[in-house]
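Dear colleague,

I am passing on a structure for your files. Please look it over; my notes on what was found follow below.

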Amino acid sequence: MEHLINIVLLGLLMLAGFAIVRTKSLLAVAMLTSIYSLLSASLFVVLDAVDVALTEAAIGAGISTILMLAAIALTSDEEKAPRHTPLLPLFVVIATGAALIYGTLDMPRFGDPAAPAHRHVAPTYLQDTPTAIGIPNVVTSVLASYRSYDTLGEVTVIFTAGTGVLALLGFRPRRRNTEDTGRKKLVILRVVAKLFFPLILLFALYVLFHGDYGPGGGFQAGVIFATGFILYALAFGLSNSQQLIPHQLLYVMAAAGVLIYGLVGIASMLLGGKFLEYQVLANDPVTGQHVGILLIETGVAITVAAVVLIIYYGFVSRRPAPGDI
Amino acid sequence: MQGPLGLYNYWIVIVLMMTGFYIVIARPNLIKKIVGLFVFQTSVFIFFITMAKVEDGTAPIIQEGVNLYSNPLPHVLILTAIVVSLATTALGLALVVRIRESYGTINEDDIHVQDEAS
């Protein structure tokens, strides 16, 4: 049954991919991309990667689609036909694809428990996590403890992306109620948004604090938190949502999250451990791990939420440039 | 899974990857190119997650009575890669918006024409 779902989902993904190539309207392409992303999230659930599925659904199907729509609103939604014939690209693609397929022939077969990938460090992580880290979710323990250096780098990448978008698009706060005229009619959206807004924020906190025991963690929580505010902005207008969370606060939050992460590392050095060695944070090493993981996950969530909102506001607060050639 | 079906996932991943690659190199529209990049990235995610799957294994969340788990390491790598894909998509789209403001178009062919004319 699992295999059947796997095969069908991959087939649908292929269809979505071809549809993206063929479709000329960029708005339709953005929606197809969202479908493609949601399909791959479903596939990740079938393939046991529940944390990845949660992240892909929130980021790929949610935030990326919103950003694409915002960028299309600022540019144009018609795709012109290419000037050159696609023969050369087609040849390059087929040749590369054929070489890659030849390369898969000696890959370990799907689901093979003896594959080299499963025999290196993965068994150690699976065996040691319950005793050394004391949390059931191995993905969280590897992400936040064993490989916390990587995650620190990741948070910095997110922070840099926020800074980059801010440098490219800037940020122009809007005066009150300048753009709300067309939105007055959206009664249903407003009622639903009002109902969902607190629930989304609550769910984000659940995903953050339950990340040790089930699928979830700082990255997902941050994105879900930001979606709450984006939904609010869609229903009630940009100016109202900016009163809810001022942009100066977002800048502080984006930096504060990375700072919390770094400070946990320095604190563990000051207490006699190595950088990001959580065992020294409490009397008991396992409790220390719990404290450290919770702190850095909170830092990650704060930075991700703030950066996603900075990027979103950067796109939607910019006015479209006039005219197309 | 033995036989040719054991490589089915990889082959579809390669088809998806090449679909994304084709969009990037053959389509002149800059937003379409970023969508192509997104399709390519997601196919790589599927590739890694496929390699992490262990037959009859379950999600790597330790619980009593379960002995076989899928490999958690690729999950961690891809989780963070998805977040980075958001960063690259956002930056790419921001650049497209700025290009449109300077050139008045997001079509690569038109941009080349303008560059050669000036």
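In what follows, a helix axis is a line fitted to the C-alpha atoms over the stretch in contact, and the angle between two axes runs from 0 to 180 degrees between N-to-C directions. The model is predicted.

Helix pair in chain A. The axes of H7(A) and H11(A), the latter spanning residues 247-270, come within 10 Å of each other and cross at roughly 165 degrees. An angle over 145 degrees counts as roughly antiparallel, and H7(A) and H11(A) are therefore roughly antiparallel to each other. Their crossing is left-handed. On the H7(A) side the contact is made by A:Leu152, A:Val155, A:Thr156, A:Phe159 and A:Gly162, and on the H11(A) side by A:Ala254, A:Gly257, A:Val258 and A:Tyr261. By class, the residues of this contact are 6 nonpolar and 3 polar, with no charged.

Domains of chain A. The domain assignment gives domain 1 (1-106) and domain 2 (137-325). Taken over C-alpha atoms, the centres of the two domains of chain A are 26 Å apart. Domain 1 puts 15 residues into the contact and domain 2 puts in 18 residues. The side of domain 1 that touches domain 2 has 11 nonpolar, 3 polar and 1 charged residues.

Chains A and B. Here 87 residues of chain A are in contact with 76 residues of chain B. Several helices of chain A each supply at least two residues to the side that touches chain B, among them H1 (2-22), H2 (26-46) and H7 (148-169). H3(A) gives the most to that side, with 14 residues. The residues of chain A that touch chain B divide into 54 nonpolar, 21 polar and 12 charged.

Regards

Technical notes:
Residues numbered from 1 in each chain as written. Chains lettered and ligands numbered in written order. Predicted model: local features only at pLDDT ≥ 70, side-chain atom pairs only at ≥ 80, totals over all residues. Contact = placed C-beta atoms within 7 Å. Helix = DSSP H or I, 4+ residues; strand = E, 2+ residues; numbered from the N terminus. Nonpolar A, V, L, I, M, F, W, Y, C, P; charged D, E, K, R; others polar. Parallel < 35°, antiparallel > 145°, perpendicular 65-115°, else oblique. Left-handed = near helix turned anticlockwise from the far one by under 90°. Domains from an automatic or database assignment.
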